[in-house]
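Please study the sequence and the structure before reading the solutions.

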Number of protein chains: 2
Amino acid sequence: MLTYDLTQRAQLSIYEYLYQCIKQDILDGVLAAGSRLPSKRELARHHQVSLKTVENTYEQLLTEGYIRAEERRGYFVASLGTDSRQSRHQSHVPFSAYDPGSDTAYFADFTSNQTAIELFPYDTWAKVMRGILSQQDPEMLKTVPFQGVYALRQSIAKYLYGFRGMTVSPDQIIIGAGTEYLYGRLIQLLGRSRTYALENPGYRKIAKIYQVNDVPWKYIDIDENGIQIDGLAKSGADIVHVSPAHHFPTGNIMPIGRRRVLLDWAEDKAERYIIEDDYDSEFRFSHRPVPALQSLNHNHRVIYLNTFSKTLAPSIRISYMVLPNKLMERYIQTMNFYSCTVSAFEQYALAAFMDNGYFERHIHRMKKYYRAKRDSMMKVFEHSRLRQYAVIDEKDAGSHFLMHLDTPLSDTELKWLAREHGVSLDCLSEYCAGGKEQHAHTIIVNYSDLDEESFGRALDVLMSAVTC
Amino acid sequence: MLTYDLTQRAQLSIYEYLYQCIKQDILDGVLAAGSRLPSKRELARHHQVSLKTVENTYEQLLTEGYIRAEERRGYFVASLGTDSRQSRHQSHVPFSAYDPGSDTAYFADFTSNQTAIELFPYDTWAKVMRGILSQQDPEMLKTVPFQGVYALRQSIAKYLYGFRGMTVSPDQIIIGAGTEYLYGRLIQLLGRSRTYALENPGYRKIAKIYQVNDVPWKYIDIDENGIQIDGLAKSGADIVHVSPAHHFPTGNIMPIGRRRVLLDWAEDKAERYIIEDDYDSEFRFSHRPVPALQSLNHNHRVIYLNTFSKTLAPSIRISYMVLPNKLMERYIQTMNFYSCTVSAFEQYALAAFMDNGYFERHIHRMKKYYRAKRDSMMKVFEHSRLRQYAVIDEKDAGSHFLMHLDTPLSDTELKWLAREHGVSLDCLSEYCAGGKEQHAHTIIVNYSDLDEESFGRALDVLMSAVTC
């Protein structure tokens, strides 16, 4: 019986540790391809852990392709391809190098979509915060209105008018500690019995939130213009999530024609709403951002969400949503007892930061930075051998692009090969619930954390994926 | 038909404005006692507002006693007593004076339980924040671990050891933007199909949160020692909320005997938990705080919650919970994708604030302040005429006490009379779901916002309640 010493897990959760151990034994050939794993229940009982822990472990190994499931027979170690097995035996890399959680093992990390924190305007932010605190204003210590500090809502309304073409009142805005928090509020506001529609492929975390909240949801396929309306109409969903300015992860922009059809769908039935997640619309390089969907809809069926995590820093937890008047009235009647989740000091500081023009200046610097980075990545690509075997799909926006690769490998094998050679990457198919085949062989390249040298080396690594 | 011009409502919500208008007409005698109000549906249709809006308006007027409901006949203006009606006609106070939302109309507000913000250590907090920001540490800009910044969890664990007798690891702690946020997380963690038990009387906001989350809950009566275990056992609930260090609003402390029985109840069945809300345990004047319930239970069935809202300021949104290991493991497996909702800067600042001893020093100052305030309130009471007709129930802790009044008035009439004369107060019965009669005639006096002069005047106002 497979046995691992759980006392050796240090800071890892049990699930994470078991996953590591089993994966390592598979890579080392200790668990031979085709051999059968213990049942989940047997393994759980043997290690005296919960069944759920082992379920999660097997699920992860299954998702990554290390094991496969045969109905009613159990779980078996997958064959990972002859070449791979050979290189496994040859290069016995120490266990820690395979830790998916640690980034020291990779020289290039395509998955890191951290905001470019080296650009954070520390001096300016500190100056503004100092100014706020030195006022020693007792008002700033009192319970914050449930919608958030008025000064910040005012600054945001002004910003939305100037940059997103939206005419909204500060009274339509609710400030919250992160977009996920606001999604939770929306579930309570719109109701748990409605069906929510998500784009496929799309941002998977939203599905997790709906799942944990016991809310029904459906995936709707997208095409190059965004969510497909006939699929949406057939789904029976009443609320749909979209990111029309910059779809994640494809980067597609929803053209005006599709926007109009989507708005028509919403207006076609009472209580239908569109949640517009505008998370990184500020980073459009060559043109002005496309006006928000909300600005086309006269404040009725579009709930607009945005965040400062991508523009400032993910550690400053400030997001906001703009509600149609009718929904705001409902919020006030049913949910206004919830205190605002963002500290007053930071709200006043952000309001002052925006009112003094620092935010606009900072966005400008970040755009320049991302654009220059994007340009240098393209140059590296143009000079690499890989350019014969790959096509870059880049939308002149955000901080990632797609790379379609001409390779016979499956996405799981591709990931594994890259990881084996120090490159961490995600494939587009991982963001698909179903229909993975049509989105296969496409890598998502987040470049905000890459440099030219490591990107070039990573492209060389990928050569072994196309020439094998 | 009653008609109001809704365009005049300015910043008020429609529900708030209608409530004001109708109440004023009642006070002015425009709506005579005994006259019938339009049905809710008629009023809603006439003003083209939602039925829910008018339901809320009528509910508020009913709760405050301005109208009464007769089954199947409708709503009627209440009689408010001969004296009151006469004084209403005589002293035509301008509309704004009756605005329950505005505190300028009251010379004494017994309901305000704002933390004593004049004590906020602005200079020290600013100094600590300056130090944090000047480090310009890029780590502070990255996504915060879902549990919160480690340094703060460490400081909190140390604090809990020294001041609440709890031995917990930083890894058991989750930091969140306010206690309400953490309640929501707990609902997801513990499950929506469990029944939650709340103390009656108790903190009503928790019930609202359960209601909005579609979670079943029950009220369990308390006695002078806290929640009654036989009632709890019969309720079928598996999770119970208690504040054993200082019950809200009675102020009772749960003695060790009841604590043991409560812990036995929890241990008696798998998946039973006690949520211990320790919200203001720091403010015990003469003795050390009673050790937390959690410290008696060896980390198994007690979920401990606390906040910095009462000790620092309600506008700094930092609360935390300590989970038993098994629940933390479940949290990691099912909910660790939620980002932490508190800004990194403020977490690091608070950790430094605690590590430098500033927090302990601040608590000490606040205790001194509250104790001195309590003492002066008692002195004013002892010298007032009201002392023959009232008994103070004070528990040497927190920032409020109870006052039992020897009065023939109902609690609604008492509130109205006080309000009419510039005193805003809440009665204990308002915190009761059922069983209001046994808790009648008891006023809750929050004194952190009172001064001796206004308290004395307020006691004189209450004389008219006892001698009428």
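Two exercises with worked solutions follow.

This is a predicted model, in which local features need pLDDT of at least 70, side-chain atom pairs count only at pLDDT 80 or more, and totals for chains, interfaces and linings use all residues. Residues are numbered from 1 along each chain as its sequence is written, chains are lettered from A and ligands numbered from 1 in the order in which they are written, and side-chain values use heavy atoms, with hydrogens and water left out.

**Exercise 1.** Describe how α7(B) and α8(B) pack.

*Step 1.* Helix α7 (residues 179-190) of chain B packs against helix α8 (residues 204-212) of chain B at an angle of about 45 degrees, and their axes are 11 Å apart.

*Step 2.* Angles under 35 degrees count as roughly parallel, over 145 as roughly antiparallel, 65 to 115 as roughly perpendicular and the rest as oblique. α7(B) and α8(B) are therefore oblique to each other.

*Step 3.* Contact means heavy atoms within 4.5 Å. From α7(B), B:Glu180, B:Tyr183 and B:Ile187 meet B:Lys205, B:Ile206, B:Ile209 and B:Tyr210 of α8(B).

**Exercise 2.** Determine which rotation superposes chain B on chain A.

*Step 1.* Copies are superposed by least squares on the C-alpha atoms of residues with pLDDT of at least 70 in both. A rotation of 180 degrees, with 0.2 Å of shift along its axis, places chain B on chain A with an RMSD of 0.3 Å.

*Step 2.* That is the relation of a two-fold axis.

*Step 3.* The same surface serves both copies, since 100% of the contact residues of chain B recur in chain A.

Terms used:
Axes are lines fitted to C-alpha atoms, for helices over the stretch in contact, and angles run from 0 to 180 degrees between N-to-C directions. Helices (H or I, at least four residues) and strands (E, at least two) are DSSP runs, numbered from the N terminus.
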